[in-house]
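This report describes a protein model from its overall fold to selected residues. The sequence and structure are shown first.

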Amino acid sequence: MSSAEDPLDRLVKSEYKAGFVTDIEEESLPPGLNEDVIRFISAKKGEPDWLLEWRLAAFREWQKMTEPHWAHVHYPPIDYQAISYWAAPKRPEDRPQSLDEVDPELLETFEKLGIPLHERAALAGVAVDAVFDSVSVATTFKDKLAEHGIIFCPLSEAVREHPELVRKYLGKVVPPTDNFFAALNSAVFSEGSFVYIPKGVRCPMELSTYFRINAAATGQFERTLIIADEDSYVSYLEGCTAPMRDENQLHAAVVELVAERGAHIKYSTVQNWYPGDEEGRGGIYNFVTKRGLCKGDYSKISWTQVETGSVITWKYPSCILRGDHSVGEFYSVALSNLRQQADTGTKMIHIGKHTSSTIISKGISAGHGSNAYRGLVKVMDGAEGARNFTQCDSLLMGDTCSAHTFPYIEVRNPSAQVEHEATTSKISEDQLFYCRARGLDAEEAVSLIVNGFCKEVINELPMEFAVEAQKLLGVSLEGAVG
Amino acid sequence: MSANEKQPLLVIEDLWVQVEDKTILKGIDLTVNYGEVHAIMGPNGSGKSTLANVLAGREGYEVTRGQVTYKGRDLLAMPPEERAREGIFLAFQYPVEIPGVNNIYFLKAAVNAVRKHRGLPELDAMDFLELVKEKMAQMKVREEMLYRAVNEGFSGGEKKRNEILQMALLEPTLAILDEIDSGLDIDALRDVADGVNALRGPERSFIMVTHYQRLLHYIEPDHIHVLAYGEVIRSGDRTLAHELEERGYGWLLEEAGMDAQGAGAP
C-alpha cells in the first residue's frame, strides 16, 4: 500500500544531531598513565599535598584492580595507556570573568546544542557551571547563591577555598577503591562541581552543569561532590552531549551526594553523548559511579536520569539509607538504539529503620540496542519496617533489539516489605496507525508513544529539563527513537 | 445546498483488496459526493471494516486492482497521516489505548498537525483548551476525560464519544465511521448520533459502516449499500433500510445468487 519503508527503521537510522567538533586549541598531555601524569595533573591544578597523596594512593590501588566484566555489555578491551589524561582549553590563566569574555566559538557550541547559556541563566534562573573538557569556563549567579551561604564552584576551587569541607567529604560515599572505574577517577579526576548547601537553606534555583567531551581520545574524569546540610534542599541538573568522534572515548565519572538530617537532594541527569554509528563505532564509553548517602534521619535523595547517549553505559546511581526514615528514589529512562548497550539501574541499601525506596525504570530498546536493568535492593538486619517498591518496564521497537532485567533482592529483616513489578511491551502497529490516522507522522507518533511510556520518569524532572528530555527522546528516536 | 452538491469527493472504482492472500473486496464501485451520507451495511465478514481501513490507509491491506480518487487525487498513494491532514477521518471500531499520553495532549497534537498542513497557525494550550471545551459541550463529553491517558480505562461509550470529539475537532471532509454504534447503550447512541448530525453539512461527507439498522434511525443516510462477501449487492436510498429491517439480508443474498456461506460468490 502507501508508505513504503518501515517508519521505525527510518527513525532508527537518522543522524545524531549533536555531532560536531569545536575547534579550540587544546593543551594536552601525551597518552599514558603513570605517577608522573598524576603529579602533573595535581600540580596543574595547584593542589595541596594531601590531595596528591590521595590521588596516588588511589592510583596504586587501581593498578592492582581488574576491570569488571559482569555487566551485560560487550566492547573491545580498553588500552588505558592510549588515553590522554589531561586536556584544558588554552589560556587557562585568563579565565573569563563573565560570559562576554567566553570564547564565542564555545558559546556557539552551546547554542547548537540548544543550550544558550545566557538565556538559560537569565531567563530560567539557572546558575550554570559549564565544564568544557576539563576546566570550568563560566560560573554564573555565584553572588546570588553566596547570599544564602551556598557554595557552588568547580571542585578545584573548592579544594583551594574550602579545603576543610572537601577533605571531610571527598571519597566518603564512594571510597577511592570502591571499584575499578572509581579508583581510576580518584587518581586522575580533572574537574567537576562542588556544592554545599548550609543548614536550613532551600537553594533558590536549580543548579546546573553541562559536561562536554571535546578533545579526541581525552578521558573525562569528572568528580562531583554535593553536600546538603541539615534541613536543606537542592535540585541539581546535569546534562550532556558530545561531538561526533571516531575513537571511543572513555568517561568515568564519580558523583557523591551527602544528605544530612532532614535534607533533600534531587539530582537529575539528561545524558546524550555520542552513541556511535550504526556499527557502534566511535561512541562514548560511560562508566559512572554515582552514590548518595542519606546520612541523617528523615533525609532524602532522588536520582532521575534520562540516558539516551553513549555506546556503553554502566551506571547505577545508588542510595545508602543510613538515617532512620530516610528515603531513596531512582527514576530512570534508558534508551538503547543503533548498537548501544546500557546496563543501568540502582542499589538501595536499607540500613536505618523505616527507610523506604522507590525504583521506576523504563528501558527502551530499538535498532540493535541492548538494555539491561540491574538493581539491588538490600535490607540490612536493623532496617526495621523498611519498604521498597520497584517497577521495571521495557519497551521494544523492532525485532533486533533486546531488553533484560536483573533484579537482586536481599532481605535480612523480616519486617521489610519489598515489591517488584516488571513488564515488557512493544509499540504496536495499532498505536502507530491510530496516531497517523489523526495526522501525526510516524516520527511524531513514535515520540508521543515513547514519551507516554516514560511519563512517570519525565514528570520527576524539573520543568525545563523535562521539555528538553522529551525533545531528546524525540530526536533520539529520530537518531535512536528519542 | 451548496455548489458542491453532486460534486464527487470520493470515487472508488473496481477496488479489489487482499489480506494475506485472501481476497476480501471484489470490485467495489462507490461514489460519494460532497454533503452525502452513505451507509455501508451487510452481514459480518462482508468486508465493511476492510473498506474503512483501506480508505484510511492502514497497512496490511493489498490493493490488487482498481483505484480510489479523493478530491481528484490518487488516495492510495498517500500515507495515512496525509489522508488525515487532507480531511479523511476514521472513527475506529476499537479505539486504541496509548498509556501515559494525556488525551488533551493527543488531541492538540492531532489538531495542530492538521492545522499546520492547512496553513493555519498552530493553537497554543489556552486557545486549544477553549476550543476543546466548546466541542466537548456539544458532544456531551465529560471534561475529566481530557486528562486521562488516551482511551485508557475508557468505557466503550466513552471511547466512541472520544472518537466523535476528535472528529468535531478535526473537522474532516470525509468521515468514515466504523461500527460507531457497536457496544453503545441507547443514551450513548443518541448522543453520538447527535454529535454526528451536528457535523453534517454540504461540505462534509460521511461513510457509516454498520451491522445494525438501528443506527439509521438516528443518522439518516442518503444512500445505503449492502456489502456481502466483498461485493456491493444492492444500493438504494433510505427506504432500503426499512426493507432490510423487515426482511434481513437473506433475500438479497439469494437474489445475488449467494448462500449464507458465500458459495456462488466469485
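The sections below treat the fold, the contact between the chains, and individual residues of interest.

## Model and overall fold of chain A

The structure is a predicted model. Chain A comprises 482 residues, of which 63% are buried. Its secondary structure consists of 13 helices and 23 strands. Among the contacts in chain A with a separation of 6 or more, 84% join residues 24 or more positions apart.

## Helix 3 of chain A

Helix 3 of chain A covers residues 49–64, 16 residues in total.

## The interface between chain A and chain B

Chain A places 21 residues in the contact, and chain B places 40 residues there. The two chains bury about 2,400 Å² between them, and carbon and sulfur atoms account for 62% of this area.

Polar interactions also cross the interface. Between chain A and chain B, 12 residue pairs are in polar contact, with both residues at pLDDT 80 or more. The interface also contains 5 salt bridges. In a salt bridge between the chains, the side chain of Glu444(A) meets that of Arg85(B), with an N to O distance of 3.8 Å. On the side of chain A that touches chain B, helix 10 (429–436) and helix 11 (442–453) each provide at least two residues. By residue type, this side of chain A has 10 nonpolar, 5 polar and 6 charged residues.

## His350 in chain A

His350(A) belongs to strand 18 of chain A, which spans residues 341–350. Its relative accessible area is 0%, so His350(A) is classed as buried, the cut-off being under 20%. The side chain of His350(A) forms a polar contact of 2.9 Å with the side chain of Thr355(A).

Beyond its neighbours within four places in sequence, His350(A) is in contact with residues including Leu321(A), Ser357(A), Val377(A), Met380(A), Arg387(A) and Asn388(A). Gly276(A) lies 74 residues from His350(A) along the chain, and their C-alpha atoms are 38 Å apart.

## Asn33 in chain B

Asn33(B) is part of strand 2 of chain B, residues 22–33. With a relative accessibility of 11%, Asn33(B) counts as buried. Apart from neighbours within four places in sequence, Asn33(B) is in contact with Lys6(B), Gln7(B), Pro8(B), Leu9(B), His38(B) and Ser205(B).

## Residues with positive phi

Most residues other than glycine have a negative phi. Leu338(A), which is not a glycine, has a positive phi of about 50°. Leu338(A) sits in the loop between strand 17 (327–336) and strand 18 of chain A, and it is buried at 9% relative accessible area.

A positive value is also found in Asp21(B), whose phi is near 70°. Asp21(B) occupies the loop between strand 1 (8–19) and strand 2 of chain B. Its relative accessibility is 71%, and Asp21(B) therefore counts as exposed, the cut-off being over 50%.

Conventions:
Residues numbered from 1 in each chain as written. Chains lettered and ligands numbered in written order. Heavy atoms only, no water. Contact = heavy atoms within 4.5 Å. Buried area = accessible area lost by both parts, 1.4 Å probe. Salt bridge = Lys/Arg side-chain N within 4 Å of Asp/Glu carboxyl O. Polar contact = N/O pair within 3.5 Å; in protein donor to acceptor, adjacent residues only side chain to side chain. Helix = DSSP H or I, 4+ residues; strand = E, 2+ residues; numbered from the N terminus. Nonpolar A, V, L, I, M, F, W, Y, C, P; charged D, E, K, R; others polar. Buried < 20%, exposed > 50% of the residue type's maximum accessible area, 1.4 Å probe, protein only. Expected span 1.5 Å × (residues − 1).
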